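I opened my notebook for a quick look through this structure. Here is what I looked up, entry by entry.

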Amino acid sequence: MSLEVPASQQSRCAVHPEQPAGGTCTRCGSFICADCATSVPGLGVRLYCAACAARPEVNYLEALRQRYWGRRDEWAWVVAGVTLLLCVGVAAAFAQWGLSATKQSLFPLVLLLPVPVGVAFFLGKRWARHALLPTPLVMAVAADVLYRDGRFLFFLCAIPGLFIALRIHRDARNQLFFRLPVSSGSLKLLWDLRFNNPLARQALHFGFSAVFMPLLAPVALICGAVALTRVDLKATPPIDRRGQAITGIVLGLVSPAVWGFALLPVLDRWLSSMVYK
Ligand SMILES: [Zn+2]
Ligand SMILES: [Zn+2]
C-alpha cells in the first residue's frame with residue numbers, strides 16, 4: 001500500500017479515470033481510488049483493487065469458500081449414515097416380525113419417514129436442508145398417532161434431534177456444501193476454527209483435561225510445544241493462538257505437580273503401612 005502519491009502527479013484510478021488515485025494495489029500495482037480500495041479481513045492495512053481482492057490467492061477467505069464449495073461436509077456423511085442405519089433397522093424389524101395390517105406392526109415405517117430427506121440432503125438438494133429441521137418433530141407426531149401410550153417419550157426423543165438439525169442448518173461449512181452464500185464473517189470463523197493453529201486449541205483442551213486426568217499432561221505439553229512452533233505472525237493471514245498453546249503447556253506442567261503433591265502423603269501412609277505389617 002502506498003498512499004503518499006502527491007496530488008500534483010495527477011495519477012488517475014485505473015477503473016474510474018475521472019477519480020484521482022489515492023494509492024496502488026498491493027498485488028497488481030494499478031492505481032486505485034478511495035472507492036476501489038478494498039481491504040481483506042485479517043490482512044491488516046494492505047489495500048487491493050476490487051479485482052485482486054476477490055482473487056483466491058489474495059483473499060484466503062475466498063480460497064476457503066472455493067475449497068469447500070459444493071463439497072460434502074461431515075454433516076452430509078452423518079446424515080447419510082443415520083439414513084442408512086434407519087433403513088437397516090426397518091429391514092431387520094420386518095425380517096423379525098413380518099408385515100401385518102395392525103397399527104403396531106406399521107410402527108417401524110415411522111423410521112422410514114426421514115429417508116427421502118436424508119438421501120436428498122446427501123445429494124445436495126437445497127430443500128432437504130430445510131426439510132431436515134421439522135423431521136424429528138414429524139417423526140414424533142407420526143409415532144404418537146400409531147402408538148398412543150408413549151407420547152411423552154417420542155417428543156422427548158425428538159428434542160436432541162431438533163437441536164442437531166438446527167445446528168446443521170446454521171453451519172457455515174454445510175452451507176458451502178449446498179452452494180449457499182456465506183458472509184465473510186462466518187468464513188473468517190470457519191477459517192479460524194480449521195486453519196488458525198488448531199493444535200493450540202487441542203493443547204488447551206488436553207491441558208484442562210489434565211487437571212482431572214494427569215495422565216493427559218504429556219499430551220498437552222507435546223501439543224502445546226508443537227503448536228508454538230507453528231505460530232507465524234508474519235504469514236498471510238497470521239497464524240496465532242500463542243495464548244492457548246502456552247496455557248496448555250502450563251496446565252500440562254502444573255497438573256502432575258499438584259497431583260503429585262496431593263497424592264504423596266497418601267502414598268507415604270500406604271507405603272509405611274505396608275512396611276509395618
Ligand atoms: Zn490489483
Ligand atoms: Zn476507482
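I started with terms: helices here are DSSP runs of H or I with at least four residues, numbered from the N terminus. I also noted that this is a predicted model.

Helix 11. I placed this helix at residues 217-230, and Leu 228 lies in it. I then checked how open Leu 228 is: its relative accessible area is 33%, so I logged it as partly exposed.

Record check. I looked up UniProt, where an unreviewed entry lists "transmembrane region" for residues 75-99, 105-124, 153-169, 203-228 and 248-267. I compared two of these spans with the model. Residues 153-169 are 100% helix and 0% strand, with the end C-alpha atoms 25 Å apart. Residues 203-228 are 85% helix and 0% strand, and their end C-alpha atoms lie 10 Å apart.

Zinc site. Which protein atoms hold the zinc ion (ligand 2) as donors? I listed Cys 13 (SG), His 16 (ND1), Cys 33 (SG) and Cys 36 (SG), at 2.1 to 2.3 Å from the ion. Their angles at the zinc ion run from 99 to 117°, so I wrote down a tetrahedral arrangement. Along the chain, the donor spacing reads C-x2-H-x16-C-x2-C. Cys 13 sits in the segment before strand 1 (23-24) and Cys 36 in the loop between strand 2 (31-32) and strand 3 (38-39), so this pair ties together parts 23 residues apart in sequence. I found both Cys 13 and Cys 36 buried.

Conventions: Residues numbered from 1 in each chain as written. Chains lettered and ligands numbered in written order. Predicted model: local features only at pLDDT ≥ 70, side-chain atom pairs only at ≥ 80, totals over all residues. Heavy atoms only, no water. Donors = N, O, S within 2.8 Å, 3.2 Å for Na, K, Ca; no water. Tetrahedral: all angles 85-135°; square planar, octahedral: opposite > 155°, others 65-115°. Helix = DSSP H or I, 4+ residues; strand = E, 2+ residues; numbered from the N terminus. Buried < 20%, exposed > 50% of the residue type's maximum accessible area, 1.4 Å probe, protein only. UniProt positions renumbered as here; feature names shortened; annotations may be inferred.
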